[in-house]
Amino acid sequence: MSTEALAEPVTPVRRSWAAWLFLANLGLWLAVYAPIQVLLPRQAELLDAGAKEAVFGLVTGVGAVVALLANPLVGLASDRTTSRFGRRHPWTLAGALVGAAGLVVLASAESVAAVALGWCLVQAGLNGMLASLTSAVPDRVPVRQRARVGGLVGVSQMLGTVLGAVVVTVLVTGLGAGYLACAAVVLVGALVFVLVTPDARLPVAHRPPLRWRELWVSPRAHPDFAWAWGTHFMINLGNAFGTLYLLYFLDDVVRHPSPEDGLLVLMLLYGVALAASAWWFGAHSDRTGRRRPYVLASAGVMVVAALLLVAWPTWVAALVAAPLLGLGFGGYWAVALALLTQVLPAASDRAKDLGVLNIANSLPQVVAPLLATALLGALGGYRGLFAASAAATLCAAAFVTRVRSVA
C-alpha cells in the first residue's frame, strides 16, 4: 500500500523507540496491577472483611467486562482516525487520562459501587491505551524484530507488577496515595511516548469504512487467528488462576506473617526470572524465525510451577514456583506478540484485530473470579485452583500447535 500508515514495516526500529514504548507500557501495567495485586484486595477487605473475595471478584469482574469492550472499540476507532497527530497517539493519551481519572475516583471511594465505578473507568481508559500501544508494534516493527520488542513489552507487563507492589507497599502508604501514584506514573509514560515518537497520519482517502460487523473475525475464514486467540486466552486464564488470589493464598493458606511483604518477595523473584527469559526467548525466536516451539516450552514451565503448588502449597514451594512462573510467562510474552501480529487478517484493521486479541487478556479477568470461587469450593481450595491453572495452560499448548501459518 502506498500510505505509510498501512505499509508493512521493513526498517528496524531504534532502541530509543523501543525504550519509550517499554516505559509507556510499564506505566500502564503498573497502574493495572498495583490495584489488582494490592490496593483493590485491601480496599475490598476494608469494605467487607467477611466477603472480601466476593467484593474483589465483583469489582474486577465488572471492570473486566468494560475492558473487554473498550479494547476492540478503541482499536476500531484508531484504525479509522485521520488526525494530524496520527492514528494511535490521540487514543494513547486519551486512554491514560480516563484511566488516571478512574484511579482518582478509587482514591476516595468509600462504597462497593464507588470502587466498581472507579475500576470501570480505569479498565476503559487503560485498555483503550493498550489497544493503541499494542498496535504500534505491527505499525512500526518489522517481523524479524518483533519477538525482541515483544519481549520488552512482556517485561514491561511483569515489571509493572513488581514495581506496582513496591510503589504501593514501600514508597507510598495508604490506599489514596497508592492510587494517586499509579495515576501519575501512567500519565507520565503516555505523555512522553506521545511527544517523542512518530505516529503516521492516515490519509482520509485510505480510511476504511466503519462496519460494526467487522468487530467479529470469522474463525472459519481466519483459523490461525482463532487458534492464536485461544492460545492467548488460555495462557492468561491459567495465569489469572495462579495470581489473582495470591495475596489471600499467602494469608489464609501459607499463614505468612506479612502477606504483602511475602507477595513483594515473590513478585521480585518472578520479575527477575521473567526479564531474563523474555530477553533469551525473544532473541532466539527472532534469530530462528520460529514461534510455536518457544510457546510450547514456556507453557511447559508454567505447568510445572502450578503443579508444584498443587503438590506442596507452602511458602518454600511458592519461592520456587514464582521464578518458574516468571521464566514461563516471560518466554511466552516474548514470542506471543510476534506470533499474534503475524496472524492479523489485514493491515487496515491492525488495532481492531489486536483489540479482539487483547480480549484474551481481559476476558480471563471476567471468567477467572467467577470460576475461582467455584473451584475453591469444589476442588479442595487453593490446590484445586492451581490445578486449574495447570490445565488451562496445557490447553494453550494444544491450541498453538494448530496455528499453521507461523512456524
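This is a predicted model: local features need pLDDT of at least 70, side-chain atom pairs count only at pLDDT 80 or more; totals for chains, interfaces and linings use all residues.
**Entry 1. Salt bridges**

I searched the whole structure and found 13 salt bridges. I then took individual pairs in turn.

Arg350 pairs with Glu8, with 3.8 Å between the closest N and O atoms. I noted that this pair links distant parts of the chain, since Arg350 is in helix α12 while Glu8 is in the segment before α1, 342 residues away. I looked up the accessibility of both partners. Arg350 has a relative accessible area of 3% and is therefore buried. Glu8 counts as partly exposed because its relative accessibility is 47%.

Arg88 forms a salt bridge with Asp139, and here the closest N and O atoms are 2.7 Å apart. Arg88 belongs to the loop between α2 (52-79) and α3 (89-107) and Asp139 to helix α4 (residues 112-140), so the bridge ties together parts 51 residues apart in sequence. Arg88, at 3% relative accessibility, counts as buried. Asp139 also counts as buried, at 13%.

Lys352 and Asp353 form a further salt bridge, with a closest N to O distance of 2.6 Å. I recorded both Lys352 and Asp353 as buried.

I turned to Thr341, which lies in helix α11. Its relative accessible area is 6%, so Thr341 is buried under the 20% cut-off.

Gly328 counts as buried because its relative accessibility is 0%. Beyond its neighbours within four places in sequence, Gly328 is in contact with Ser298, Val301 and Met302. I also checked Gly328 against Pro345: the two are 17 residues apart in sequence, with 28 Å between their C-alpha atoms.

**Entry 2. Helix α13**

I compared the span of α13 (residues 382-400) with expectation. Its 19 residues reach 28 Å from first C-alpha to last, close to the expected 27 Å. The buried residues of α13 include Tyr382, Leu385, Phe386 and Val400. Against which elements do the buried residues of α13 pack? I found α7 (223-243), α8 (246-252), α10 (292-311), α11 (315-341) and α12 (350-378).

**Entry 3. Nonpolar surface patch**

I located a nonpolar patch on the surface, formed by Trp20, Leu23, Leu191, Leu195 and Val196, with about 460 Å² of accessible area together. The elements giving two or more residues to this patch are α1 (15-47) and α6 (175-196), and α6 gives the most, with three residues. Val196 lies in α6 and counts as partly exposed because its relative accessibility is 45%.

**Entry 4. Two loop arginines**

I placed Arg201 in the loop between α6 and α7. A polar atom of the Arg201 side chain lies 3.2 Å from the backbone oxygen of Thr82.

I placed Arg255 in the loop between α8 and α9 (259-288). Arg255 counts as exposed because its relative accessibility is 61%. I noted that phi of Arg255 is near 60°, a positive value in a residue other than glycine. Most residues other than glycine have a negative phi.

Notes. Residues are numbered from 1 along each chain as its sequence is written. Side-chain values use heavy atoms; hydrogens and water are left out. Patches are made of residues with over 30% relative accessible area and no salt bridge: like charges are joined within 9 Å, nonpolar side chains (Val, Leu, Ile, Met, Phe, Trp, Tyr) within 5 Å. Accessible areas come from the Shrake-Rupley method with a 1.4 Å probe; for residues, only the protein chains shown count as cover. A salt bridge is a side-chain nitrogen of Lys or Arg within 4 Å of a carboxyl oxygen of Asp or Glu. Helices (H or I, at least four residues) and strands (E, at least two) are DSSP runs, numbered from the N terminus. Buried means under 20% relative accessible area, exposed over 50%, partly exposed in between (1.4 Å probe, protein chains only). The expected span of a helix is 1.5 Å times one less than its number of residues. Contact means heavy atoms within 4.5 Å. A polar contact is a pair of N or O atoms within 3.5 Å; within protein, one must be able to donate a hydrogen and the other to accept it, and residues adjacent in sequence count only if both atoms are side-chain atoms.
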